[in-house]
Amino acid sequence: KYNNMLFFILFFIFMALSTIYYSTTLSTGEFSNLFLSISTFLFAIFTGFFISRQGQRYSSIRNQIATFDGMMSTFYRNFVYFGKAIQTKAKNIIENHYKIILKNQAWDYHFNHKSDTIIKLNELLLEAGRKKDDGSGLSVSFLREAARMVRDLQIIRKKMILLHQEDVPKFQWVLLIFLAIILLISVSMIPSQAQFMGSILKGAFGTCVVLILVLLRRFDDLNFFESTIGENSAQDILDIIKGKK
């Protein structure tokens with residue numbers, strides 16, 4: 001729904017700008033091309049840097065989610081060494097963790113709100129540790145590995161919180177918007193009155209400037225392809241717990 005609405009808004013902007021450019025032009029000044037070149041260069045440099053930085057941040061978060069969810073899956077599968085009762089408790093803890101994500105449709109819910117998932121898993125490990133080893137050494141080996149995984153889960157969570165906070169500062173947004181306005185004004189100064197193709201090209205250029213800001217905003221808010229960054233992974237873990245995978 002969001003993407004469809006965005007498409008219609010951008011299409012409306014394109015048609016509005018094209019119509020305005022066809023009907024009138026701001027100026028035929030000699031310096032319009034110079035202003036256009038300078039503003040385009042600065043806008044491209046800054047937006048390119050910020051989009052690249054936010055793209056790296058997005059990839060880092062996606063990788064951290066994959067690692068976190070992989071460890072959760074391993075926890076559930078390996079708790080079988082301590083019997084059905086312990087594994088059922090692990091199932092309830094992990095299932096509740098991911099159901100909250102899907103219920104709120106927010107992959108970052110546990111990074112924005114207080115979460116006791118890791119604490120409960122640690123307490124379950126202590127409970128499992130009081131049980132006697134079955135003689136194979138598997139349960140003792142898993143306890144050692146699980147203790148390390150709990151530590152790694154906590155580290156991943158802290159990294160995720162920091163990555164979540166690395167958004168584009170307000171001052172930099174002001175700079176980008178200011179450059180975008182200068183760029184749009186510079187484009188508007190290029191003569192195109194009663195020129196169909198020139199108006200279309202100017203309208204498309206202006207729409208692209210707006211679209212670049214929208215894309216950067218979506219990267220900044222971490223909701224670019226939001227269903228693939230965390231919610232699908234959460235559903236995958238639930239399917240594993242239910243035995244579908």
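**Exercise 1.** Decide whether phenylalanine 49 is buried or exposed, and do likewise for phenylalanine 50.

*Solution.* The model is predicted, so local features need pLDDT of at least 70 and side-chain atom pairs count only at pLDDT 80 or more, while totals for chains, interfaces and linings use all residues. Residues are numbered from 1 along each chain as its sequence is written, and side-chain values use heavy atoms, with hydrogens and water left out. Begin with the cut-offs: buried means under 20% relative accessible area, exposed over 50%, and partly exposed in between, with a 1.4 Å probe and protein chains only. Phenylalanine 49 has a relative accessible area of 53%, so this residue is exposed. Phenylalanine 50 has a value of 6% and is therefore buried.

**Exercise 2.** Find how many aromatic pairs the whole structure holds, and classify each.

*Solution.* Rings of Phe, Tyr and Trp (its six-membered ring) pair if their centres lie within 6.5 Å; planes under 30 degrees apart count as stacked, over 60 as edge-to-face and the rest as tilted. A search of the whole structure gives two pairs. For phenylalanine 49 and phenylalanine 50, the ring centres are 5.4 Å apart and the planes stand at 65 degrees, so this pair is edge-to-face. For tyrosine 58 and phenylalanine 219, the centres are 5.7 Å apart and the planes stand at 85 degrees, so this pair is edge-to-face.

**Exercise 3.** Determine whether tyrosine 58 and phenylalanine 219 are buried or exposed.

*Solution.* Tyrosine 58 has a relative accessible area of 7%, and is therefore buried. Phenylalanine 219, at 14%, is buried.
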